[in-house]
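Hello,

Here is the structure I promised to pass on. My notes follow below it.

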There are 2 protein chains.
Amino acid sequence: MIQKLRVLLGEENAVQVYRHSRDESSHLPVEPDVVVFPKNKDDIISVLDIAKRNNLPVIPFGTGSGLDGHAIPIHKGISVNFERMNRIVSFNSEDLTVTVQPGIKRKQLNKAINLHGLQFPVDPGADASIGGMVATNASGTTAVRYGSMRDQVLSLEVVMADGTVVTTGSRAKKSSSGYNLNGLLVGSEGTLGIVTEVTLKLHGIPEHTVTARCTFGTPKECAEAAQTVLMSGIQVLRMELVDEDSIRQVNLAGGHSFPEAHSLFFEFAGTKASAEEDAALTREIVLEHGAENWERANTTSESNELWRARHELSYSFRHIPGMSQSGGDVCVPISQVAEMVVFARALIDESGLLGGVFGHIGDGNFHTLVVYDSSDSRQTAAAERINDLVARKAIDVGGTCTGEHGVGLGKMKYQELEHGAALSVMKSIKKLLDPDNRLNPGKIF
Amino acid sequence: MIQKLRVLLGEENAVQVYRHSRDESSHLPVEPDVVVFPKNKDDIISVLDIAKRNNLPVIPFGTGSGLDGHAIPIHKGISVNFERMNRIVSFNSEDLTVTVQPGIKRKQLNKAINLHGLQFPVDPGADASIGGMVATNASGTTAVRYGSMRDQVLSLEVVMADGTVVTTGSRAKKSSSGYNLNGLLVGSEGTLGIVTEVTLKLHGIPEHTVTARCTFGTPKECAEAAQTVLMSGIQVLRMELVDEDSIRQVNLAGGHSFPEAHSLFFEFAGTKASAEEDAALTREIVLEHGAENWERANTTSESNELWRARHELSYSFRHIPGMSQSGGDVCVPISQVAEMVVFARALIDESGLLGGVFGHIGDGNFHTLVVYDSSDSRQTAAAERINDLVARKAIDVGGTCTGEHGVGLGKMKYQELEHGAALSVMKSIKKLLDPDNRLNPGKIF
């Protein structure tokens, strides 16, 4: 069988098998039986056919930048790497749409279309593949303006478990025709079908942007100021909370010198007049709500440094040699954000572990990242406890246990609590569309 | 059985049975066996139980303002009217969310929340119920800014065919937790479950609005100007195309005196500076693209008259005594709009029938409404031919046969053409969740 896949899809070796055993999370690596590199949809159909005849799981793999184990082949099987399916299939600038293969990375896509005055704005930080972003319904810093992947995907071409190829939408901006398979497949983490093409909405590049940051004495003040900005109706492009310990960590890891205090990072975008007006109104609001300052980036390079630092944040905690990381990714109703952030920060402080609270405060979506020594059972338990309590409290206040990372392995245990009876409906859909549990088994449920 | 429903749910009579036999479309009326007026979710569960034991269909009914026969009980059975389930369950202004029962109408909802500076902006014209708007994934004039219902629904409480009650989301703004049942249920036209509560996003009321209109010599120029405005990235709140014959009809029916020429109606909203800037930029663009004028509404009452006329437009064609109407509702990629509008207008002109082309041009969504005498077989065939050709061409150019009205009865025949193999997946989900085909049978498929 492996020989057959080799002939079909090219070489693979021990290094590849290791690379496909893990992602950016601390979940235990598991090596696949084989890694394949399909070049087109027909290759995917062949892989599914071989998998069926050999009763093997099939696990899609983008770039391995996932944060909850989605691409780890926990039941072994065939890891399907999309790096050879990374083309732009068609670019329709007049329609503000593009159709791509799932292996294309978001920076590669933007590089190709930015020349035409257009952008694909969803920005999860990592240079993830579009397919991976579809799988987890990724979002990131710009979701407060543009929404998540589900809001940006117009249509998918998907190979279903039985080898049927379906198209889930059209290139029209909206539709009331038939069931919304499009939204069902986005965020299904490779468990319902294998995506082979993605049609995305594109957006104009705003003419003018303003970047600014401000600091506060407490995370509560940060969150309350952010909430007020949001309720005022100002259309921020980005609004990020970064707590004191996170700033310290990113300064240390990246050689920055941001003031080590609880901060909000902002970006405003539009015409010059509207972006400047939004920035001025926001400045007023945050100063009224306890901001100690308002520092505006004066040059593009200052602005770039700020957003680079924000992107490095997660990595600055995740790449401490010899240490493991446990990361929460909850999303709560806006009114609950201040309390939740204070709660998460207090849990980290009590534990004595290194960790930070930061995230997309404009969506009510934040991350609680804790660094621990996995050979120390006390530290391991403390880290797990923090994320467990944060996830449960998020659900309890009317939110969700994952705002953008997806369920993967780490959030399975909260699915029943969060979804109740709806979980049975989800499971029945999984069973309907993948009766042999061939596609990314052991994830979500 | 009917006696049992009467005891449970109150009186019903011949007038009610007639009212529930039809909607705003020209589809043939069919009377239900009985109409019920549930007061709460338990009543719905009882209705489903009685329906199961008597093998009767169950058809949800909002206000009867649907445009493609969704609420017509074509296989008879129990029509479930939601007018007694019209409460606001909880209003969370700090979260920008509200939870309502499905029978509440959109104007009633807005009346209650506008006082708090918030609005629910989706506006299909008719004063539809929120439940009906969920069922069809309704949108309307403001979708170009706010999207369709699916973009606004955070969570649903749904009684499934087997009587299980599920909740499809949370009050968080985004989620990557589990399958997106929320988006699947929105737009499912009462065929997968009966919605008993809807949690919606709310939005601030913009501080300033500008309304304007302009005329063009041809529909092509109208559509091209609209396309250019859209590509410029200006965030219009409303951008409507209304062709010459439609203006004539609405002037006649409503006593208005708008210039009888192909027109674009605009609304801009935001802070004073941003709305005025958007209006000024748009004015420049349309004048460069052949607009003959730019008339700004100078008073609130002028602005209100314009939007009232736009809302009356469909009714002005639909309520001509003794005549029937056949309405298309396609949505196409933006680059195809100009060609499609010209195509639709030419078909009406060739037919010699009265009709108009108008719609939400910023979404690529427009309506082709034709008036005919249903006792005249030539006219009937001509009207059907126009909408058939428009629907097929919309699908052919990469669009959809319905942008906002839903499939109902009229668009069933295009589902295979539009969805191909995906239609089997949709049918299998219907069979999974409603194995007895109890819920609104004969719709969509």
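**A loop residue, a helix and the A/B contact**

Ser65(A) sits in the loop that runs between strand 2 (58-61) and strand 3 (78-81) of chain A. Before going on: this is a predicted model.

Is Ser65(A) exposed, partly exposed or buried? It has 18 C-beta neighbours inside 10 Å. A residue needs 20 or more to be buried, and 12 or fewer to be exposed. Ser65(A) therefore counts as partly exposed.

Ser65(A) also has partners from elsewhere in the sequence. Asp23(A) is 42 residues away along the chain, yet the two C-alpha atoms are separated by 5.7 Å. With neighbours within four places in sequence left aside, the contacts of Ser65(A) are Asp23(A), Glu24(A), Ala126(A), Ala128(A) and Gly132(A).

**Helix 10 of chain A**

Helix 10 covers residues 244-254. Its buried residues are Glu244(A), Asp245(A), Ser246(A), Ile247(A), Gln249(A) and Val250(A). What do they pack against? The partners are strand 12 (238-242), strand 13 (262-270), helix 12 (300-318) and strand 16 (354-360), in chain A. Gly255(A) follows the helix, and its phi is positive, near 70 degrees.

**Where chain A meets chain B**

The contact involves 72 residues of chain A and 72 residues of chain B. On the chain A side, these elements give two or more residues each:

- helix 7 (149-152) and strand 8 (165-167)
- helix 8 (181-185) and helix 11 (272-288)
- helix 15 (415-419) and helix 16 (422-433)

Helix 16 of chain A provides the largest share, seven residues. By type, the chain A side divides into 24 nonpolar, 36 polar and twelve charged residues.

**The helix 16 pair**

Two packed helices are described by the angle between their axes and the distance between the axes. For helix 16 of chain A and helix 16 of chain B, the axes come within 11 Å and cross at roughly 130 degrees. Angles of 65 to 115 degrees count as roughly perpendicular and those over 145 as roughly antiparallel. The two helices are therefore oblique to each other. Their crossing is right-handed.

Which residues meet there? From chain A, Ser428(A), Ile429(A) and Leu432(A). From chain B, Ser428(B), Ile429(B) and Leu432(B). This helix 16 contact divides into four nonpolar residues, two polar and no charged.

Best wishes

Terms used. Residues numbered from 1 in each chain as written. Chains lettered and ligands numbered in written order. Predicted model: local features only at pLDDT ≥ 70, side-chain atom pairs only at ≥ 80, totals over all residues. Contact = placed C-beta atoms within 7 Å. Helix = DSSP H or I, 4+ residues; strand = E, 2+ residues; numbered from the N terminus. Nonpolar A, V, L, I, M, F, W, Y, C, P; charged D, E, K, R; others polar. Axes fitted to C-alpha atoms, helices over the stretch in contact; angles between N-to-C directions. Parallel < 35°, antiparallel > 145°, perpendicular 65-115°, else oblique. Left-handed = near helix turned anticlockwise from the far one by under 90°.
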